[in-house]
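Here are a few friendly notes to read alongside the picture. Please keep the model open and find each residue as you go.

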Amino acid sequence: MATLQAATTSTGAIVSDPRTVRELCENYCFGTLNWEVTEDGELTIWGYDDFEVYEARENSLPDYEGGIVTHEFLRELADHLEADEEFDIQTAGFTKCRFPVLAKRYVVRDGEVLHADLSSPDPIDE
């Protein structure tokens with residue numbers, strides 16, 4: 001059995017209400033990823049796993065039956081970033097030497113959520 005080896009890290013972003021964002025994060029499961037909201041209101045997410053978010057059950061375990069809710073979490077988070085803040089989360093990983101490798105990025109800024117991965121190549125201009 002092949003095991004995904006991935007790493008995720010984010011920039012720090014200042015949130016408008018640290019307590020509300022802590023409660024928001026506690027309502028979701030991030031697998032083995034870590035998250036922190038400091039007393040100054042800086043949110044960061046990091047760890048050795050893919051960035052996939054699930055809703056949390058009452059026992060704090062992920063609700064796999066509900067499916068991945070990464071986009072919903074990020075849209076909620078977008079409402080809590082301070083003006084002019086940008087939250088950038090990047091994941092890179094692989095499963096042995098199998099194709100494709102995992103690479104994705106989410107950027108939350110100005111109330112919107114942007115996503116990028118390796119799925120759509122663009123031509124190189126001369």
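1. A residue is called buried when its relative accessible area is under 20%, exposed when over 50%, and partly exposed in between (1.4 Å probe, protein chains only). C25, at 0% relative accessibility, therefore counts as buried, whereas C97, at 84%, counts as exposed.

2. Some background: this is a predicted model, where local features need pLDDT of at least 70 and side-chain atom pairs count only at pLDDT 80 or more, while totals for chains, interfaces and linings use all residues. Residues are numbered from 1 along each chain as its sequence is written, and side-chain values use heavy atoms, leaving out hydrogens and water.

3. Now look at helix α1, residues 18–26, where P18, V21, L24 and C25 are buried. They sit on the same side of α1 because they cover an arc of only 120 degrees around the axis (the arc is that of the directions from the helix axis to the C-beta atoms). R19 and E26, on the other side of α1, are exposed. Helices (H or I, at least four residues) and strands (E, at least two) are DSSP runs, numbered from the N terminus.

4. How many disulfides are there, if two cysteine sulfur atoms must lie within 2.5 Å? The count comes to zero. For C25, the nearest cysteine sulfur is that of C29, 11 Å away.

5. Finally, the rings: those of Phe, Tyr and Trp (its six-membered ring) pair if their centres lie within 6.5 Å, and planes under 30 degrees apart are stacked, over 60 edge-to-face and the rest tilted. There are four aromatic pairs. One of them, F51 with Y106, is edge-to-face, at 5.7 Å centre to centre and 65 degrees between the planes. Both F51 and Y106 are buried.

Terms used:
Disulfide = S-S within 2.5 Å.
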